[in-house]
Amino acid sequence: MSHLITKVRSKQPLIHNITNQVVMNFTANGLYALGASPVMANAKEEVEEMAAKADALVLNIGTLTSDQVEAMILAGKSANQAGIPVVLDPVGVGATKFRTASALKILDQVQVSCIRGNAGEIANLAGVETKVRGVDGAEDIDVQQLAEVAFTKLQCPLAITGAQDIIIDANQITFIANGHPLLTKVTGTGCLLSSVVAAFLAVSDDVQTAISDAISYYGIAAELAAAEHQNPGSFQVAFLDQLFLVDEKTINEKKRITRS
Ligand SMILES: Nc1ncnc2c1ncn2[C@@H]1O[C@H](COP(=O)(O)OP(=O)(O)OP(=O)(O)O)[C@@H](O)[C@H]1O
Ligand SMILES: Cc1ncsc1CCO
Ligand SMILES: [Mg+2]
C-alpha cells in the first residue's frame, strides 16, 4: 500500500489551526514544507466559516485564553458539521486546572478524530495521576498501559508521543520507533506534528494508518536532519528541509513500525 505522504502532497489539504503563539510560524512553515496549506484563524467571529472551508482543523491549547476556548468550540462544531477531521493537542494539560478543564470542555462538545500529546498530557487528560511541569512530558510512565487506560476513558484515537510513539484506537495499537532526541530541543515539534497528523487525516478515512504514516514520516525527516546537523538551530532548518524532501521510497526503507 502506498504511503499517504504522496496523497497529502497531491491534494494539498487546507489545515485550519487554532494554535499557540509560540509555534504559529513554525507550524505554518512545517505544513508548507510537507505540501499542505496552513491557515491560522482565531477570532470567534470567523472560525466557524474558516473551519467549514478547511480540510482539517487543529485545536492546540498551548497559550489558551477564555475567548480562545469559545472559538475552539465554535470551530470544532463547524468542523463536525462539515465532516472534516479535528485534532486536539492538549498542551500542558495537568500543569494548570484551566488547561485541564478547557481540554475536557472541548472534548465534551466537539467530536475529535485524534488527540496527540506527550505521555504526561494524555495521562492527565485521562485522569491518571502524573506530574506535569510546563509543556514537557512526564517521565516514568508505562506508555502501553497508559494508552489502554486512556483510550478506555477518552474513547477517541490517541497518539502518545515520546522516544517511542504509540497510536491506539478501537481496533489496533501501533508503535513507532522513528524520531530523534533533537526534536525535544526545538519548540513546537509536538505542535507541528499534531498539524501534520491533521493533514494526513484530511486525505484518508483510515485513522490508524493516517496517524502512523504521519508520525513515521515525521520521525524519519528528523533522523535525516540530525544526520546532517547536531545543534538545535541548524537542526530546525534541516528538519524543515527534510519534511519537504523525504519521499515515499525513503520512508519505506527507514520506517520502524510494529503493530499489535
Ligand atoms: N527521546 C526521543 N527520541 C526520539 N524522538 C523523540 C523523542 N522525544 C520525542 N520525540 C519525537 O518528537 C516529536 C514530538 O513529540 P513530543 O512527545 O516531544 O511532543 P511534545 O511534548 O508535545 O512537544 P512540544 O510541546 O515541544 O510541541 C514526535 O515525533 C516524537 O516521536
Ligand atoms: C513553550 C510553550 N509554552 C506554551 S505552548 C509552548 C510551545 C510548545 O508546546
Ligand atoms: Mg506538546
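A crossing of two helices is left-handed if the near helix is turned anticlockwise from the far one by less than a right angle, and right-handed if clockwise. This is a predicted model, in which local features need pLDDT of at least 70 and side-chain atom pairs count only at pLDDT 80 or more, while totals for chains, interfaces and linings use all residues. Residues are numbered from 1 along each chain as its sequence is written, and chains are lettered from A and ligands numbered from 1 in the order in which they are written.

**Exercise 1.** Describe how helix 8 and helix 9 pack, and state the handedness of their crossing.

*Solution.* Step 1: helices (H or I, at least four residues) and strands (E, at least two) are DSSP runs, numbered from the N terminus. Step 2: the axes of helix 8 and helix 9 are 8 Å apart and form an angle of about 135°; axes are lines fitted to C-alpha atoms, for helices over the stretch in contact, and angles run from 0 to 180 degrees between N-to-C directions. Step 3: helix 8 is therefore oblique to helix 9, given that angles under 35 degrees count as roughly parallel, over 145 as roughly antiparallel, 65 to 115 as roughly perpendicular and the rest as oblique. Step 4: the crossing of helix 8 and helix 9 is right-handed.

**Exercise 2.** Identify the residues through which helix 8 meets helix 9, and classify them.

*Solution.* Step 1: residues are in contact if their C-beta atoms, placed from the backbone, lie within 7 Å. Step 3: the contact of helix 8 with helix 9 has 11 nonpolar residues, no polar ones and one charged; Ala, Val, Leu, Ile, Met, Phe, Trp, Tyr, Cys and Pro count as nonpolar, Asp, Glu, Lys and Arg as charged, and the others, Gly among them, as polar.

**Exercise 3.** Describe the packing of helix 4 (residues 66–82) and helix 5 (residues 97–109).

*Solution.* Step 1: the axes of helix 4 and helix 5 are 10 Å apart, at an angle of about 20°. Step 2: these helices are therefore roughly parallel to each other. Step 3: their crossing is right-handed. Step 4: by class, the contact of helix 4 with helix 5 has four nonpolar, three polar and two charged residues.

**Exercise 4.** Give the strand order of the open sheet and its edges.

*Solution.* Step 1: the nine strands have the order 2-1-3-4-5-6-7-8-9, with mixed pairing; strands pair if DSSP finds at least two bridges between them. Step 2: the edge strands are strand 2 (37–40) and strand 9 (257–259).

Technical notes. Two residues are in contact if their C-beta atoms, placed from the backbone, lie within 7 Å.
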